[in-house]
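Q: Could you take me through the reading of a sheet and of the helices that pack in a fold?

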Amino acid sequence: MNTSLYANAPLYAPAPASARGPSDLVGHTPVLWVGEPFAPSGRGFWAKLEGANPGGIKDRPGLHMVARARARGDLADGAAIVESSSGTLGLGLALAGITFGHPVTVVTDPGLEPAIRRALTAYGARVELVTTAHPVGGWQQARRERTADLLARHPGAWCPDQYSNPDNVTAYTPLAAELIAQLGRIDVLVASVGTGGHSAGISAALRRTFPDLDLIGVDSTGSSIFGQPAGQRLMRGLGSSIHPGNVAYDAFTEVHWVAPAEAVRACRTLARSHYASGGWSVGAVALVAGWVARTRPAGTRIAAIFPDGPHRYLDTIYNDGWCHGHHLLDAPMPTGPEEIKEPGERTVTSWTRCTTVTDPAPAAARTALAGAR
């Protein structure tokens, strides 16, 4: 060990926060400066490490949505919670179930990592698996329909509906306050988009202090959120085959679509260079935030949201055999995105940027989505 690294360390380090319950461990996550090799020397971005929460970024809305539903009387003491999730919100709801005393059922699909399925079970949640994707809405719509069926069969059960619940947006107001306290000024926010909750909630709260904030959304190839055709998606945690009601389309300055191989390369580069990484969303966000740091004027202060840590992905993103099997390690890291002028100009299959952001779903379809639970 190089003891000189610790020569100037304080004799008494600050004690970590003491928690009376696991929910007290949520929030106040650190930020980490990410520079080379994502940006030249002296440039970079600040990564908000939401993987420092017990279960990840969705501990925040899991607790907040349940607390607000209880306060309104929508969720009775001891009543069941049923929700569709690809994993991270499931962990947040399991935490909320322990905190407030509710049984939790998580409706998911075969893409859920076995480790997360075992973790959900260990935390007391019941895992309900759909086995056939919806022909139009994919796994997400299949999960939503199973959720609706379970709710119909269990009177008194409650669904948070993370896709359209405004509490999923306001849950991130404290995260924005933390960023302001940590960074002082924020010029650009880079965030992945799935249900739309954290990009909408953080940007709205930040703009009350920084009205000229740029919001850059990061989506997955094969996702229909921003007007691309829905397709097969290997990545989980960002992207969607439906149009979530919480996506604040008018808040975005631009959107980037990122492909799986590009996200994997960024994840692995982060791990090697900064000892901090995460899953698909983290890699995609880091790729885009690094490009922003390289191309915006020097001194631009960029905040990027890293929703989780790497441990869930040790058998996928960080497994050479799995990655080779999916041809994810064959191509070099791109230095920048391709450009399209309109979201529907062509189907994108690699990192691509568009500065035209519109809502692709007609109002009637969005109303139907909100009612299909």
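This is a predicted model: local features need pLDDT of at least 70, side-chain atom pairs count only at pLDDT 80 or more; totals for chains, interfaces and linings use all residues.

A: Residues are numbered from 1 along each chain as its sequence is written, and side-chain values use heavy atoms, with hydrogens and water left out.

Q: In what order do the eight strands form the sheet?
A: Helices (H or I, at least four residues) and strands (E, at least two) are DSSP runs numbered from the N terminus, and two strands pair if DSSP finds at least two bridges between them. Here the open sheet has the order β1-β2-β9-β6-β7-β8-β11-β10, with mixed pairing; its edge strands, β1 (31-34) and β10 (338-339), each pair on one side only.

Q: How many bridges join β8 to β11?
A: Strand β8 (residues 254-258) and strand β11 (residues 352-354) run antiparallel and are joined by three bridges; H256 has R353 of β11 as its bridge partner.

Q: At what angle do α6 and α7 pack?
A: Axes are lines fitted to C-alpha atoms, for helices over the stretch in contact (heavy atoms within 4.5 Å), and angles run from 0 to 180 degrees between N-to-C directions. Helix α6 (residues 173-183) packs with α7 at about 50°, their axes 8 Å apart. The contact is made by T173, L175, A176, L179 and I180 of α6 together with I202, A205 and L206 of α7.

Q: Which strands does α7 lie across?
A: Helix α7 (residues 197-207) lies across β6 (188-192), β7 (214-220) and β9 (302-306), and runs at about 165° to β6.
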